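Work through the exercises below with the sequence and the model open. Each task is followed by a solution in steps.

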Amino acid sequence: MPVEIWDLYDAQGKKTGKTMIRGEQVPPGMYHIVVHIWPLNSRGEFLIQRRALTLQWKPGIWAGTGGSAVSGEDPLTAARRELREELGYDAACEEMHLVARLRRPDSFCYVFSLRMDREEDAFVLQKEEVSAVRWCSVKRMENMLAENTLYNYGDAYLRTLFEYQKACFHA
């Protein structure tokens, strides 16, 4: 597997000109870019994916699509690449909607959504990372969170995501 280089950012989100190698500890006071992508269908369901059982971190858990930006990528470019790699979907820039930018302890997390109606079996999964996908209602996601079968991104994150879904369908 090739070495993945990440750009480092300061607390205001400005690129520092410094980089790090994936797997190393992010230096104190520095941040890298993480992207999450939540496809949303016309029924108001989010596409979630089951992490491959061979992965070191959270194998078999259901989660959103995502990953880290590599050096030189902006958040939108990274999000589109992750969709292509993990789900085989080539999203146009204008399909992608920024839902939130959240500062976490060592990263800036850019949360995107896009509207699509596509059958689960139409996705081309990156088998090294994704074992399955499913469309899931907010109610079912809440149940999965309670069952610890869906990764818990935190209350503020999930509230933002679910409010976005509600605004899309109840505006």
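**Exercise 1.** Is H32 buried or exposed?

Solution. The model is predicted, so local features require pLDDT of at least 70 and side-chain atom pairs count only at pLDDT 80 or more, while totals for chains, interfaces and linings use all residues. Residues are numbered from 1 along each chain as its sequence is written, and side-chain values use heavy atoms, with hydrogens and water left out.
- Step 1: buried means under 20% relative accessible area, exposed over 50%, and partly exposed in between (1.4 Å probe, protein chains only).
- Step 2: H32 has a relative accessible area of 5% and is therefore buried.
- Step 3: H32 lies in strand β3; helices (H or I, at least four residues) and strands (E, at least two) are DSSP runs, numbered from the N terminus.
- Step 4: leaving out residues up to four places away in sequence, H32 touches W6, D7, Y9, V26, S68, D106, S107 and F108, where contact means heavy atoms within 4.5 Å.

**Exercise 2.** Which residues touch the most other members of the largest nonpolar core?

Solution.
- Step 1: a nonpolar core is a set of buried Ala, Val, Leu, Ile, Met, Phe, Trp, Tyr and Cys residues joined through side-chain atoms within 4.5 Å.
- Step 2: the largest core has 24 residues, and V35, I37, L83, M96, L114 and F123 touch the most other members.
- Step 3: two or more residues of this core come from each of β3 (32–40), α1 (75–87), β8 (107–115) and β9 (130–136).
- Step 4: take L83, whose contacts beyond four places in sequence are I37, P39, T65, G88, Y89, A91, M96 and L114.
- Step 5: a second, separate core of 23 residues includes W38, C109, M144 and Y164.

**Exercise 3.** At what angle do α2 and α3 pack, and which residues meet?

Solution.
- Step 1: α2 (residues 138–146) and α3 (residues 155–170) pack at about 165°, their axes 11 Å apart. Axes are lines fitted to C-alpha atoms, for helices over the stretch in contact, and angles run from 0 to 180 degrees between N-to-C directions.
- Step 2: α2 is therefore roughly antiparallel to α3, the class for angles over 145 degrees.
- Step 3: from α2, V138, M141, E142 and L145 meet L158, F162 and Q165 of α3.
- Step 4: these contact residues divide into five nonpolar, one polar and one charged. Here Ala, Val, Leu, Ile, Met, Phe, Trp, Tyr, Cys and Pro count as nonpolar, Asp, Glu, Lys and Arg as charged, and the others, Gly among them, as polar.

**Exercise 4.** Where is K58, and what is its phi?

Solution.
- Step 1: K58 lies in the loop between β4 and β5.
- Step 2: its phi is positive, about 55°, although K58 is not a glycine.
- Step 3: with a relative accessible area of 38%, K58 is partly exposed.
- Step 4: N148, in the loop between α2 and α3, also has a positive phi, near 60°. N148 is exposed, at 62% relative accessible area.

**Exercise 5.** Which residues does E86 touch?

Solution.
- Step 1: E86 is in helix α1.
- Step 2: at 1% relative accessibility, E86 counts as buried.
- Step 3: not counting residues up to four places away in sequence, E86 touches Q49, T65, G66, V124, L125, Q126, E129 and V130.

Terms used:
Parallel < 35°, antiparallel > 145°, perpendicular 65-115°, else oblique.
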